[in-house]
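The sequence and structure are shown first.

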Amino acid sequence: MPQLRSIWKGHIRFSLVTIPIRIYNAVDTAQSISFNQIHKECHGRVGYDKRCKKCDQQVSNDDLVKGYQHEPDQYVIFEKDDLEKLKIKSTKVIEIEGFVDASEIHPTLFDAPYFAGPDGDVAAKTYGLLSAALKDSGKMGVGKVVLRDREDIVMIAPHGDGILLYKMRYPKEIRKIDDVPLVEKVKADKEELKLAKSLVDSMTTKLDKLKLENKYGDAVRDMIQAKVDGKEIVAVEEEEKEVVDIMTALKQSIEQAKGSKRPMTKAKAKDKKSSSKTKAKTKTKAKAKTTPRKRKSA
């Protein structure tokens, strides 16, 4: 099997630890069928500018057909009537095929989340019962639904007092992590693992305490406002962090994490007494300096 090609190169960073990484597509797009816009006359591919890349003619919507590329520059042409024959009738029913343990659902299978709510007061009781049953059992319901002429896998899970519905990917669409280059099954060094776990423990917090902000979105809004105000936009390049030895990085990170959580120490009783005596002496000297001397009478 051919190795995957990376789509992004950068770093994973937590505290002072920096790990260079590459990102790979986890979803195999070859499993999903996508069509191209094809010029009906010469079967050339049409770009976004509605110009045929084969004959270089500007085409209209009436001149377009759908084509599936089965070989480079070789397309199977689909007329509108062909796809109409494949339409699946929507039943507006989510068919639950069964209930599985939440641990069986791999994160890569999740696609898009939706909230599901009861339709009216009559449905509210049954809806609440299902939510409670899922929560108590630790199970998730997996089923199918037909939406927009296609069949999708969905999963229902408890969420607060309600139900969350996820659109799922088919397992065949997910590639294997073993196909990522340099992913090897090696035993971690005990000392390094101990330090790594110590760092994780020192950085453990609650999700709602983390500042998960959309900095890019905020930057875009600032840029829009700058353009409105007629200001010059200056690009700021981020400096790349130096990749240091993992043991050194772990030790420094643990010290930094402990330092940020270290509470302020209270002054000891002896220190308080000595500091109060010092203050008293200082005040006495200050009075002595400021009190004017009485002149002797002639």
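## Paired strands

The model described here is predicted. Strand S3, residues 36-39, runs antiparallel to strand S4, residues 64-71, and four bridges join them. Within this pairing, His-39 has Leu-64 of S4 as its bridge partner.

Strand S4 also pairs with strand S5, residues 74-78, again in the antiparallel sense, over five bridges. Two residues lie between S4 and S5, which form a hairpin, and in the turn Asp-73 has a positive phi of about 65°.

## An aromatic pair

The count of aromatic pairs comes to one. Its members are Phe-110 and Tyr-166, in an edge-to-face arrangement with 4.6 Å centre to centre and 65° between the planes. Distant parts of the chain are linked in this way: Phe-110 belongs to strand S7 (residues 110-116) and Tyr-166 to strand S10 (residues 162-168), 56 residues apart. Phe-110 counts as partly exposed because its relative accessibility is 22%, and buried means under 20%.

In soluble globular proteins, nonpolar side chains tend to be buried together. The largest nonpolar core in this model has eight residues: Ile-105, Leu-109, Met-140, Ile-153, Met-155, Ala-157, Met-168 and Ile-174. Strand S9, residues 150-159, gives the most to this core, with three residues. A second, separate core has seven residues, among them Tyr-127, Leu-134, Val-154 and Leu-165.

What does Leu-109 contact, leaving aside its neighbours within four places in sequence? Leu-109 is in contact with Lys-167, Met-168, Arg-169, Tyr-170, Pro-171 and Ile-174.

Conventions:
Residues are numbered from 1 along each chain as its sequence is written. This is a predicted model: local features need pLDDT of at least 70, side-chain atom pairs count only at pLDDT 80 or more; totals for chains, interfaces and linings use all residues. Side-chain values use heavy atoms; hydrogens and water are left out. Two strands pair if DSSP finds at least two bridges between them. Rings of Phe, Tyr and Trp (its six-membered ring) pair if their centres lie within 6.5 Å; planes under 30 degrees apart count as stacked, over 60 as edge-to-face and the rest as tilted. Buried means under 20% relative accessible area, exposed over 50%, partly exposed in between (1.4 Å probe, protein chains only). A nonpolar core is a set of buried Ala, Val, Leu, Ile, Met, Phe, Trp, Tyr and Cys residues joined through side-chain atoms within 4.5 Å. Contact means heavy atoms within 4.5 Å.
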